[in-house]
Structures are given as C-alpha cells and as structure tokens.
Amino acid sequence: MREFGSAYLQAGEYVPIPVVAGIATAVRVATGDETIKQAAFNIVAGKVAAFGGKVVIATGAKALGTVAAASRSAAAGVVTVESVEAGVLFGQRRVGQNFGVEGRPDYLAGRSITDVANDLRSGVLRAVQLPIDAFRVGNNLVSANTRSLAALSEAGLSPTIINEIQPTTTLLQRFSERPVIANAPLPGPRVPVTPTQRNLNVLRVIKLPR
Amino acid sequence: MECKSPVLIPAKVPWSVASSAPHINLYQTEEGKPDYVTFIAYFKIEDSQQSPVGTAVQFVKNPGEFRLGSPDDDGTYRLVCLTLHGGYSARKCFAVSDHEVITEASFDWRAVPGALQPGDSVLSALSRAEEFFIETGFSANPGFYEVLGSPWLVELGLDDANLHHYIIVGHDEYFDIVAQDWHWKVGQKA
C-alpha cells in the first residue's frame, strides 16, 4: 500500500469498478500518477458512454479528487469510486438524528441530518461531499453509511459517489431483525429516524427520492 | 511462522443481541468485578414475520431495569440477563468503524454459521443462517461468543486459569468479559 495525497490505495492491483447500468470497466491503481490520471479518465469516459453525456462527475483534477475522497472514506482494501444514477437502498432498521463526530469532516460532524439536508438543498453542500459506502446484496447496492444516504434523500438527491465495499458480518447482521416500521423492509427504500439507538420512537421516515 | 487468529465460538442460544438497539448494560459487584449484563435480545422464533401494511409506526420504549419474565411469554424483543459466574474482568470498547464493531479480520469466524465466510455473498450467508436456525433453533450469529486462543487472557496471564474470554457485540460498542461461566434468563418485553 502506498500513499497518494491523503488517500491510501492498493498498489499494483486491478480494482474492479462495479457494473452499474451496463458499465463494465476496471481501474488499474498502480505505481504512477499517470496511471491514477488514467483511472480518473476511465471513470469519466465510462459515465459519458453510459449516460449519453449526463455525467455527474467533473473531469480531470476533480475526478482525481473524487478518487482520493472516496478512497479515504472506504474501508481497507477498497475498491473504487463511482458515480451512478441507480439507487442505493438503506440497509439499517433505523437512523439516528445526528451524524457522529469522530472521523467526520466539519460539515458533517455532530450535525443533524436535517441541517445537512438543508445545506444540500441550498447549495452550501454538494452531493459529492457525501460519498456512500455500499455493498452488494444480490442485484442491489445497499448503503453502509445510513446517515449520509438519509441526508441526501431528505434533500431529494441521490448519491453521486459510491464506494463499493466488501460486506462485513456486522453489516450482514443488520438484516437479521424485523424493521422498526412495517413498510421499511431491509434492505429497502425507507428508513425511520429515531432519537437514539436506545429510543426507537419514530420521529419521521426518510424515503429515497424517486 | 503462521499466526493463528483467536476463534469465536457462538453461544448456543435462541436469541441474538439486538443489532440496532441492544441497550447493553454491565453491572459490577462491590469489588468491581463483572456480575451480570443485560441487553435487548431478538428472539427470531417469536417473530411472526407478519408485517402490517400502511405507514403505522411502532413505538419501542426504553425497557428499564431487568424484570424476570416467564419463558411462556412471547415477544420478539425481550430483555436478557446474562449472569456471570466467577467474573474477573471486563472492559467496554467502542466500535472500530461504521462497518464493523469488532475488528472482524482479527478473528476466525468459521464456527459462526451466520458470519460471512470467504467466498460468501450476503445472500448465501443469510440463507445459511436461516437454515441453521430452522435446523437447530439456535441463533446463527448471537453476537455473544467465547474467544478461544484469546490474546487478552494471555496478556492478563490467565490463559491457564479456569477462566474464559467472552465478547458481547452491540451496535456502537462491545464488551470483553473474563469469567468462569455464564447463564442467561429472559426478562420483560422490550
């Protein structure tokens, strides 16, 4: 493993980008900056091809920054970065009102989902600043960081960066129980907001945008 | 030299520590030794799987202090009291990341039927867990394990003693406990 900026990337490995809407490509994250640039180029090129130019990720240096941000937030051994228009489902019975503090950027640390959603609506924050870690369940992608997906959804936005991660037993265990509310299956398009993990009174239900 | 990971042995119980709201509390003796632990457990066998339609919400209240319940009572979520015999030491640790509570790669999970195994997909692991539950009545991943080959026991110089290392895995935290033995009893609905 080596350091690239502040992102830790596996050296010398082919890293598969998840297939979304028919995109199938790969990024070689290897030894030189040129290769990294090529990887970013491939991401952008793939999106252009797939969505007829309706690309969310910008080109060049911004895409490189996206690679770095996504790699920072993803789990070890991680894989990749992607901008998709396909939905990512919620994978947790509930979500707390506030983001945690540890390891979060200032624009998220300790803030409420509602405040972050308001900033997304007003343009103070952009969807690219809330990358989503997701893992595969059958043909679906399921979010591992529920609060970020909830904030995006409350603002009527979909993720623009998805880091595909390997599932863990902890994430798997989230599917072992019944939903807090009846119409929020796991994985699913809705998640109830509760005050704390010890108080499951449902404050509201956040839905994925259509 | 190959370094063996400590092995997690799941407790043979019909419940699992509730994954999203376990409400774990550790109680100690006057001497500061671990005495018992209470938490909300999920009893899959009580889960009717009947989802009412509509948008009605389900209110779940704080369960409060443990009260002994009858095994004949039903309830998908109930408080469980884990009594520790010969409790020696305990520590509370916070989840290592958003994606895992304990460092999963540090343990050998092969004895846990509901855990992800190398080569598993999420769906295949869920299917195996379901089959295990149907066949045995035990939880495939109870969130309560004994750690065989525990480095913590070695660190404490207790690896030869008649003591065991147990782990209770919650949502944002987990508890390491050293004790001789344990038993559980069921309490009120949560």
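## Confidence

pLDDT is the predictor's confidence in each residue, on a scale from 0 to 100. Helices (H or I, at least four residues) and strands (E, at least two) are DSSP runs, numbered from the N terminus. Among the elements of chain B, the lowest mean pLDDT, 92, belongs to helix α1 (residues 122–136) of chain B, and the highest, 98, to strand β1 (residues 7–10) of chain B. Chain B as a whole averages a pLDDT of 88, and 89% of its residues score at least 70. Over residues 50–58 of chain B, pLDDT stays under 50. The model has 12 contacts beyond four places in sequence for this stretch, where two residues are in contact if their C-beta atoms, placed from the backbone, lie within 7 Å. For the complex, the predictor gives an ipTM of 0.81 and a pTM of 0.71.

The model is predicted, and local features need pLDDT of at least 70, side-chain atom pairs count only at pLDDT 80 or more, and totals for chains, interfaces and linings use all residues. Residues are numbered from 1 along each chain as its sequence is written, while chains are lettered from A and ligands numbered from 1 in the order in which they are written.

## Chain architecture

Chain A contains five helices and 10 strands. Of its 210 residues, 44% are buried; a residue is buried if 20 or more other C-beta atoms lie within 10 Å of its own, exposed if 12 or fewer, and partly exposed in between, with C-beta atoms placed from the backbone. Among contacts in chain A with a separation of 6 or more, 61% join residues 24 or more positions apart.

Chain B has two helices and 10 strands, in the sequence order β-β-β-β-β-β-α-β-α-β-β-β. Buried residues account for 39% of the 190 residues in chain B. Residues 24 or more positions apart make up 73% of the chain B contacts with a separation of 6 or more.

## A three-stranded sheet in chain A

Strands of a sheet pair through backbone hydrogen bonds, either parallel or antiparallel. In chain A, an open sheet of three strands has the order β5-β9-β10, with mixed pairing. β5 (95–96) and β10 (204–207) of chain A stand at the edges with a single partner strand each, so one side of each has no neighbour in the sheet. Two strands count as paired if DSSP finds at least two bridges between them.

β5(A) pairs in the parallel sense with strand β9 (residues 190–194) of chain A over two bridges. Val95(A) stands opposite Val193(A) in β9(A), and Gly96(A) has Thr194(A) as its bridge partner. β9(A) and β10(A) run antiparallel and are joined by four bridges; Arg190(A) is partnered there by Lys207(A) in β10(A). Four of the five residues of β9(A) are buried.

## Helices beside the sheet

In helix α3 (residues 113–122) of chain A, the residues Ile113(A), Val116(A), Ala117(A) and Leu120(A) are buried. They lie on the same side of α3(A), because they cover an arc of only 100° around the axis, the arc being that of the directions from the helix axis to the C-beta atoms. The buried residues of α3(A) pack against α4 and β9 of chain A. Just after α3(A), Gly123(A) has a positive phi of about 90°.

Ala150(A) belongs to helix α4 (residues 146–154) of chain A. Ala150(A) counts as buried because it has 28 C-beta neighbours inside 10 Å. Beyond four places in sequence, Ala150(A) is in contact with Val95(A), Ile113(A), Val191(A) and Ile206(A).

## Interface

In chain A, 34 residues are in contact with 36 residues of chain B. β6 (132–137) and α5 (169–173) of chain A each supply at least two residues of the side of chain A that touches chain B. The largest share, five residues, comes from α5(A). That side of chain A divides into 15 nonpolar, 12 polar and seven charged residues; Ala, Val, Leu, Ile, Met, Phe, Trp, Tyr, Cys and Pro count as nonpolar, Asp, Glu, Lys and Arg as charged, and the others, Gly among them, as polar.
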